[in-house]
Amino acid sequence: MLNVAEAAERLGAGERFVRRLISERRIAFVKVGRHVRLAESVLDAYVLANTVPPVTARRRGRASYRRAA
């Protein structure tokens with residue numbers, strides 16, 4: 001279990017971002033008294049769910065680079 005600061009470091013983001021994810025209930029967390037903890041598996045799932053696949057570039061033919069006569 002990670003605290004907010006450790007989770008932010010692992011995500012490469014600020015603590016404010018992690019706290020916003022928690023307050024918007026966009027990420028699962030555990031509350032122990034007044035302390036908030038996040039499981040490493042939850043962070044991994046969040047990163048996986050929000051990963052955007054790369055776009056494959058379409059190759060254009062030389063026809064698009066022709067000179068005007």
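Confidence in this predicted model is lowest in strand S1 (residues 30–32), with a mean pLDDT of 95. Helix H2 scores highest, at 97. Across the protein the mean pLDDT is 90. A value of 70 or more is reached by 86% of the residues.

Helix H1 spans residues 4–11. At its start, Asn3 places a side-chain oxygen within 3.2 Å of the backbone nitrogen of Ala5. After the helix comes Gly12, with a positive phi near 75°.

Three residues of H1 are buried: Val4, Ala7 and Ala8. These residues lie on the same side of H1, because the arc they cover around the axis is only 100°. Their packing partners are helix H2 (15–23), strand S2 (35–37) and helix H3 (40–49). For Ala8, neighbours within four places in sequence were set aside. The contacts of Ala8 are then Ala13, Gly14, Glu15 and Val18.

Val4, Ala7 and Ala8 also belong to the largest nonpolar core. This core holds twelve residues in all. Two or more core residues come from each of H1, H2 and H3.

Methods
Residues are numbered from 1 along each chain as its sequence is written. This is a predicted model: local features need pLDDT of at least 70, side-chain atom pairs count only at pLDDT 80 or more; totals for chains, interfaces and linings use all residues. Side-chain values use heavy atoms; hydrogens and water are left out. Buried means under 20% relative accessible area, exposed over 50%, partly exposed in between (1.4 Å probe, protein chains only). Helices (H or I, at least four residues) and strands (E, at least two) are DSSP runs, numbered from the N terminus. The arc is that of the directions from the helix axis to the C-beta atoms. Contact means heavy atoms within 4.5 Å. A polar contact is a pair of N or O atoms within 3.5 Å; within protein, one must be able to donate a hydrogen and the other to accept it, and residues adjacent in sequence count only if both atoms are side-chain atoms. pLDDT is the predictor's confidence in each residue, from 0 to 100. A nonpolar core is a set of buried Ala, Val, Leu, Ile, Met, Phe, Trp, Tyr and Cys residues joined through side-chain atoms within 4.5 Å.
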